[in-house]
Amino acid sequence: MGNLKLKGKDILKLGYPNNQSVNIALEVMKRNFATKNIHYVKSLLKEIMLNPENFEKDLTFGQIAEALLSSKKTEKRMLNTQRASFQIFGNNISEETMNQLYTALKLPVSVQGALMPDAHSGYGLPIGGVLAVENAVIPYGVGMDIGCRMSLSILDTPVSYLDGAKDKYEKVLAEHTKFGMYETHKSHVDHEIFDRDTFDMIPVLRRLKGKAIRQMGSSGGGNHFVEFGEVEITKADEQIGLPKGKYLGILSHSGSRGLGAEIAQYYSRVAMDQCPLPKEAQNFAWLDLNTHLGLEYWTAMNLAGDYASACHDDIHRRLVKAVGGRVKARIENHHNFAWKEIHNGKEVIVHRKGATPANKNELGMIPGSMTAKGFIVRGKGNPDSLNSASHGAGRAYSRGECRSLFTQNDIKKELKLKNVTLMGGNAEEAPMAYKDINEVMNAQSELVDILGTFQPRIVRMDK
C-alpha cells in the first residue's frame, strides 16, 4: 500500500462517522496518496467530510463522498422467488448452464434474459447468456475478458495466394502476431487511447497503463486466434459492399488483455463487498449505476472495450502491411460487454457474455472452430433474444475433458482432413471440443441472416 501511516482512528478523529466511510477513506487515500505527507492527506479528508456533495462526481474522492452522504449499512440482498421472463434458443444446452441463467433471472434488478444456442456454463452468467437489468452493471455478467471481439478484414488479394504463397503467409503470422502473457511487439504504436485522461482519473487504470501499452496489438491465450482464410460472399450485399465471390480474409479473436482482466477482477471483488448475495448468486453481485463505483466500472469497461478494438486494428494493420493488398471490407463485433439499450420502451443494461449483438441490420461474425467454417451474419433484432445471437459454436467439452479425450494425433488428422495449417494451439481447443456450428446456426435462424462464410486455412494460436 506504500508508506502512508494513516489509521482508521486518525480518520475518526477528523469527525468521520464510525461506519464504512472510514474503511473506504483509508483505502482510497492509501491507494492514491501513499507517498504524500500525512498532514496533507488529513486536510484533504477534512475537506471531503465538510463538503461531501462537492466531491460526489470526483473519480478519486467520489467513493468517500458517497459513503459520507449515504452512511448506509451494507445489507444482504435477497433473490426474488419468481424468475424474470426468458427464452432459450437451441436444444443442446446443459442443465448447469440453464440453472446459472435461472439464478440470474431471480436477481431483484433482472428484467429479462436469454440463452444462445452455443451456451455453456461459466462463472456467474453462463457463456452465451444475455441478461437485461435495471440501472446496474454486473462485472461477472460482463466477464473477465472485457470487450472480447471478432474482427474480419476482407482483402482484394486473390484467395489462391493462400495455397500458392502459403509459406509467406505462415511466416507473416509467425513474425507479426504475439500471443499469451509474455509475447509483445518490439515496436508500439502511439494510439490515441493512451492519451485519454480516463487512465489518470481511475487509480486501477493508472496502474495498468504501462501493461496496456506493452500488450497493444497482441492476442490472449486459450481460444483466441489470428487466421488467414477464405471468405465467400454468397450474394452481393450493399451493406458489405462486395459482389458475390471468394476473397482472402484475416480473422482475429481476442480481447482487452491484462487491462480487461484486472479491471474485471478488481470490480468483481468490490461488487461482492458492496452487494452481498446468497451463496449461489454471489457472482451476480452488481454495482448500481447511480453510485460512484458503478460509474467508475462503467467508465473502465468502456475504455477496455475501446482498447480491445484498438488491439485488433493494430493486428490487422501489421498483417496487411506484411502481405500487401487492400482492405475492401471490415466487419467487427464484440461480446463480454454491457450496453444501455431500450427494450419494451424502457432503458435497461444488457449484458452479453459470449453473445453477439444482433440488432436489426447489424453485421457480425460468428466463428466455428479452427477447422469449421464461420458465418458472416446480419442481425434481425429479435426481442426474444434481446437482439442477440451466439458468439461461436460453443464448447461441447470442457477444457479439462479435452485434455483427457483428445491427443495431438487426433487434432492432426482433423486438420489434414480440412486442409488447415495450425501454428500453436493445444488439445483444449481441438476442433472436436466444439458443438457443430451448422446446428448452432440452424437454431438461430430467427436471430440472424447468413451473408457469407469464412473457412480458416492458416491458424495461429497461443502455444
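Predicted model: local features only at pLDDT ≥ 70, side-chain atom pairs only at ≥ 80, totals over all residues.

Me: How are two packed helices described?

Reply: Two packed helices are described by the angle between their axes and the distance between the axes. Here, α10 (residues 203-215) and α12 (residues 292-323) pack at about 10°, and their axes are 12 Å apart. Angles under 35 degrees count as roughly parallel, so α10 is roughly parallel to α12.

Me: Which residues make the contact of α10 with α12?

Reply: From α10 come L205, A212 and Q215, and from α12 come A300, L303, Y307 and C311. By class, six of the contact residues are nonpolar, one is polar and none is charged.

Me: At what angle do α2 and α4 cross?

Reply: Helix α2 (residues 20-32) and helix α4 (residues 62-70) cross at roughly 170°, with axes that come within 9 Å. An angle over 145 degrees counts as roughly antiparallel, which means that α2 is roughly antiparallel to α4. On the α2 side the contact has S21, I24, A25, V28, M29 and R31; these meet Q63, I64, A67 and L68 of α4. The residues of this contact divide into seven nonpolar, two polar and one charged.

Me: How should I read a nonpolar core?

Reply: In soluble globular proteins, nonpolar side chains tend to be buried together. The largest nonpolar core in this model has 58 residues, and I263 and Y267 touch the most other members. Elements that give two or more residues to this core include α5 (95-104), β2 (110-120), β3 (127-133) and α11 (257-274). The largest share, 10 residues, is from α12. There is also a second, separate core of 49 residues, with A132, V350, I376 and L451 among them.

Me: What does Y267 touch, leaving out residues up to four places away in sequence?

Reply: Y267 touches P139, I202, V204, L287, L293, E296, Y297 and A300. A300 is also one of the α12 residues in the contact with α10.

Me: Which residues of α5 are buried, and what do they pack against?

Reply: T97, Q100, L101, Y102, T103 and A104 are the buried residues of α5. They pack against β1 (85-88), β2 and β3.

Me: How do I read a polar residue such as N336?

Reply: Take its place, its accessibility and its partners in turn. N336 sits in the loop between β9 (327-334) and β10. Buried means under 20% relative accessible area, so N336, at 11%, is buried. A polar atom of the N336 side chain lies 3.2 Å from the backbone oxygen of D145. Apart from neighbours within four places in sequence, the contacts of N336 include V142, D145, I146, R352 and K353.

Definitions and conventions. Residues numbered from 1 in each chain as written. Heavy atoms only, no water. Axes fitted to C-alpha atoms, helices over the stretch in contact; angles between N-to-C directions. Helix = DSSP H or I, 4+ residues; strand = E, 2+ residues; numbered from the N terminus. Parallel < 35°, antiparallel > 145°, perpendicular 65-115°, else oblique. Contact = heavy atoms within 4.5 Å. Nonpolar A, V, L, I, M, F, W, Y, C, P; charged D, E, K, R; others polar. Core = buried A, V, L, I, M, F, W, Y, C linked by side-chain atoms within 4.5 Å. Buried < 20%, exposed > 50% of the residue type's maximum accessible area, 1.4 Å probe, protein only. Polar contact = N/O pair within 3.5 Å; in protein donor to acceptor, adjacent residues only side chain to side chain.
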